[in-house]
Amino acid sequence: MLDQTDRSLITEEDIRDVSVGETLRIGERALVTPLAADLARERHIRLERVSVAPAKQIQPRAKIAIGADHGGFEMKEALKDLLDALGFPYQDFGTNSNEPVDYPDFAHAVALAVSRRTCDLGIMIDGAGIGSCMVANKVPGIRAAMCYDEVSSRNSREHNGANVLTLGGKLISNEKMREIVRTWLSTNLSEERHRRRVAKIDALL
């Protein structure tokens, strides 16, 4: 019997990892996308719902994928200090200097790490945060949000279940970055109405 009670959303990819005829334990409030439900029926996989305590925030053990282009490099270094202080492990995908580079390369690497689940969440910084957001959202399973204050940061997690945060290193201060990141990491997707809407996002091709 496999256990995925720690996941709030069960997708088609989760079901593909389960053997035919297997039982998969999921949280009593977990959302199952339509494609995941269809695949479970086809493969005779039983979804067993069990009661679990709702998570109030991302725990410090969550691993963060971080990246930046030259416009976000200095802020990325400040971000690393913040993550160290908060107790979050991270993997730095570069860049490692102020030399000009192409932001899509680094945004793609961060998004892939989250999509492939080698990291739990991602934070990418470029000059404005917009281009990296566009790149990250090209990757299956990614819900990237470009945030500019605590309100947008909280909303992106609580309402939209964002798993990648993009920031504009040339548009906000390091202090504002710290406020945004602290809020983002301490907010979770919780209400059923929001979880239902996020499930619809994930079901889109």
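Q: How far apart do the centres of the positive and negative side chains lie in the chain?
A: This is a predicted model, in which local features need pLDDT of at least 70 and side-chain atom pairs count only at pLDDT 80 or more, while totals for chains, interfaces and linings use all residues. Residues are numbered from 1 along each chain as its sequence is written, and side-chain values use heavy atoms, with hydrogens and water left out. Lys and Arg count as positive and Asp and Glu as negative, with His and the chain ends not counted, and each charge is placed at NZ of Lys, CZ of Arg, CG of Asp or CD of Glu. The chain has 28 positive and 30 negative side chains, and the centres of these two sets are separated by 6 Å.

Q: What radius of gyration does the chain have?
A: The radius is taken over C-alpha atoms, and the globule rule is 2.2 Å times the number of residues to the power 0.38. For 205 residues a compact globule would come near 17 Å, and the chain agrees with this, having 17 Å.

Q: What percentage of the residues in the chain is buried?
A: Buried means under 20% relative accessible area, with a 1.4 Å probe and protein chains only. Of the 205 residues in the chain, the buried share is 46%.

Q: Which elements do the buried residues of α7 pack against?
A: Helices (H or I, at least four residues) and strands (E, at least two) are DSSP runs numbered from the N terminus. In α7, the buried residues are M177, I180, V181, T183, W184 and L185. With contact meaning heavy atoms within 4.5 Å, they pack against β6 (64-68), α3 (73-86), β8 (121-126), α6 (150-158) and β10 (164-168).

Technical notes
Buried < 20%, exposed > 50% of the residue type's maximum accessible area, 1.4 Å probe, protein only.
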